[in-house]
Amino acid sequence: EISEMTERSQQNVAHGLAWSYYVGYLKIVLPRIKESMEEISRANLNVWACRETWKLHILIPLSCNVWDDLEKADSNIQYLTDLTETTLTRGGIKKRVYKHSLYAIRDGDNQARHCAVEFATPLQTLYAMSQDECAAFSRDDRLEQAKLFYRTLEEILRGSKECAGTYRLIAYEGLIEAEPHFLSREILWHLRQQQQEEFTVYEGSAPRTLATALGSTDLSLQISASDLPQPLRSDHP
């Protein structure tokens, strides 16, 4: 249904945004994320207690409301430092720098867990389009495209050998503004889940976050793998 809607309105931007995000950014930085965390753990022995969370945690708000400053989004999120930079010459730009920030995420008891976390910045494009009359892009269009972006990105990364075990997608529907510590709780839940997944799988428990539901039921019912837009190929019959 979503695929048909986007094809009719020629607004299938999410597919292109997901592929651009992967090819132009994630495929470059994710293969080095564990190495960067290893480097910083040697200098800060208390930072990385749980190797299962040595990943880039990518926030995907379905509202497309991306905050530039995570500390302002949630006071329980505190910036610590930056991971080791990746520097490449790319697209005519000499020594282009790619880097990630390390944060301490505090719970209600002021206990901190540490992780590299950032927003999926292509969602800013979807939000901007919904605010621009020239784009003829409604709020409903934005929501459906955000879901399609998440589903497409999940499929791309799942098939990427270079990025295996280096990321965690955190999709959520709630508005950060509505609850002061909503975002930190979402991140903490995912950090705990990664530790639990190393040892056991809890069966029969309802998913606490939208990310889990989207990955297993909601979006899989709305968008099957065959419904996803396929890239153009010159060898296609």
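Guide: A nonpolar core is a set of buried Ala, Val, Leu, Ile, Met, Phe, Trp, Tyr and Cys residues joined through side-chain atoms within 4.5 Å. In this predicted model, the largest such core has 57 residues. Leu-26, Ile-60, Phe-149, Leu-183 and Ile-187 have the most contacts inside this core. Its largest share, nine residues, is supplied by α2.

Visitor: What does Ile-187 touch, leaving aside residues up to four places away in sequence?

Guide: Ile-187 touches Leu-59, Ile-77, Ile-105, Cys-115, Val-117 and Ile-170. Two of those names return in the sheet: Leu-59 has Ile-170 in β7 as its bridge partner.

Visitor: Why is Val-29 called buried?

Guide: The cut-off for buried is under 20% relative accessible area, and Val-29 has 2%, so Val-29 counts as buried. Val-29 belongs to helix α2, which covers residues 13–29. Beyond its sequence neighbours up to four places away, Val-29 touches Tyr-98 and His-100. The C-alpha atoms of Val-29 and His-100 are 9.0 Å apart, although 71 residues separate them along the chain.

Visitor: How much of the whole protein is buried?

Guide: Buried residues make up 44% of the 237 residues. The protein exposes about 13,100 Å², with carbon and sulfur atoms supplying 48% of that area.

Visitor: What makes Trp-19 and Tyr-22 an edge-to-face pair?

Guide: Let me start with the total: the structure holds six aromatic pairs. In this one, the ring centres of Trp-19 and Tyr-22 are 6.0 Å apart and the planes make 80 degrees.

Visitor: Which residues do ring pairs link into a cluster?

Guide: The cluster consists of Tyr-21, Tyr-25, Tyr-98 and Phe-149.

Visitor: What makes β2 and β7 edge strands?

Guide: The open sheet has five strands in the order β2-β5-β6-β1-β7, with mixed pairing. Strands β2 and β7 (167–172) each pair on one side only, and that makes them the edges. From one strand to the next, the twist averages 40 degrees.

Visitor: How do you know that β1 and β7 are paired?

Guide: Two strands need at least two bridges to count as paired. Strand β1 (residues 56–61) and β7 are joined by six, so the pair qualifies, and these strands run parallel. Helix α6 (residues 139–158) lies across β1 and β7, at about 165 degrees to β7.

Notes:
Residues numbered from 1 in each chain as written. Predicted model: local features only at pLDDT ≥ 70, side-chain atom pairs only at ≥ 80, totals over all residues. Heavy atoms only, no water. Helix = DSSP H or I, 4+ residues; strand = E, 2+ residues; numbered from the N terminus. Buried < 20%, exposed > 50% of the residue type's maximum accessible area, 1.4 Å probe, protein only. Contact = heavy atoms within 4.5 Å. Areas by Shrake-Rupley, 256 points an atom, 1.4 Å probe, with all protein chains shown as cover. Phe/Tyr/Trp six-rings, centres within 6.5 Å; stacked < 30°, edge-to-face > 60°. Axes fitted to C-alpha atoms, helices over the stretch in contact; angles between N-to-C directions.
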